[in-house]
Amino acid sequence: MIPFEIIEKYNHSVKSYNSETFLFQEGEGANHYFQIVSGQVKMLNINNDGKEFIQGIFSEGQSFGEPPLFLNEPYPASARTITATKVFKIHKIEFFSL
């Protein structure tokens, strides 16, 4: 976790999402760092039968989805809000300068 006061010094945005909103989907390129300001997000995979497999649940102060960002690979899972959620969203160029 990066302290909020440090994130606020960099080019970031605070995005608000309703519950059950995808922040990114499996297979998309990783271009942003995400850290939760408030709310909850789950990382999940959905199989061919439509069943969800939850990989993790994240809440206030936690970040998610960083490994593909560092590896320059697509996301291996999707991220979807559980509740109304606000996140810091930083483009990877800005994140790497942080």
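Me: Arg80 has a relative accessibility of 9%. Does that count as buried or exposed?

Reply: Arg80 counts as buried at 9%. Buried means under 20% relative accessible area, exposed means over 50%, and partly exposed is in between, with a 1.4 Å probe and protein chains only. This is a predicted model, in which local features need pLDDT of at least 70 and side-chain atom pairs count only at pLDDT 80 or more, while totals for chains, interfaces and linings use all residues. Residues are numbered from 1 along each chain as its sequence is written, and side-chain values use heavy atoms, with hydrogens and water left out.

Me: Which side chain meets that of Glu20 in a salt bridge?

Reply: A salt bridge is a side-chain nitrogen of Lys or Arg within 4 Å of a carboxyl oxygen of Asp or Glu. Glu20 meets Arg80 in this way, at 3.2 Å from N to O. Helices (H or I, at least four residues) and strands (E, at least two) are DSSP runs, numbered from the N terminus. Glu20 itself is partly exposed, at 47% relative accessible area.

Me: How many salt bridges does the rule give?

Reply: The count comes to 3. In one of them, Lys42 pairs with Glu52, with 3.0 Å between the closest N and O atoms. Lys42 is in strand S4 (residues 40–46) and Glu52 in strand S5 (residues 52–59), 10 residues apart. Lys42 is buried at 11% relative accessible area, whereas Glu52 is partly exposed at 32%. Glu52 also forms a salt bridge with Arg80, at 2.0 Å from N to O; here strand S5 is linked to strand S7, with the two residues 28 apart.

Me: What is the nearest side chain of opposite charge to Lys92?

Reply: For charge, Lys and Arg count as positive and Asp and Glu as negative, while His and the chain ends are not counted. The nearest side chain of opposite charge to Lys92 is Glu73, 12 Å away, and Lys92 is buried yet has no salt bridge. Lys92 belongs to helix H3 (residues 92–97). With residues up to four places away in sequence set aside, Lys92 touches Ala30, Asn31, His32, Leu69 and Asn72. Contact means heavy atoms within 4.5 Å.

Me: Which strands pair with S4?

Reply: Two strands pair if DSSP finds at least two bridges between them. S4 runs antiparallel to S5, with 7 bridges joining them, and Val41 stands opposite Phe58 in S5. S4 and S5 make a hairpin with 5 residues between them, and Gly50 in the turn has a positive phi of about 85°. S4 also pairs with S7 in the antiparallel sense over 4 bridges, where Lys42 stands opposite Arg80. S4 is mostly covered, since 5 of its 7 residues are buried.

Me: In what order do the strands of the open sheet come?

Reply: The order is S1-S8-S3-S6, 4 strands with antiparallel pairing. S1 and strand S6 (63–64) are the edge strands, each pairing on one side only. S1 and S8 share 5 bridges, with Ser13 partnered by Lys89 in S8. S3 and S8 are joined by 6 bridges; Ile36 stands opposite Val87 and Ser38 opposite Lys86.

Me: How many residues does the largest nonpolar core have?

Reply: A nonpolar core is a set of buried Ala, Val, Leu, Ile, Met, Phe, Trp, Tyr and Cys residues joined through side-chain atoms within 4.5 Å. The largest here has 20 residues, and those with the most contacts inside it are Leu23, Phe24, Tyr33, Phe34, Phe64 and Ala79. S2, strand S3 (32–38), S4 and strand S8 (85–91) each supply at least two residues of this core. Apart from neighbours within four places in sequence, Ala79 is in contact with residues including Leu23, Phe24, Lys42 and Phe64.
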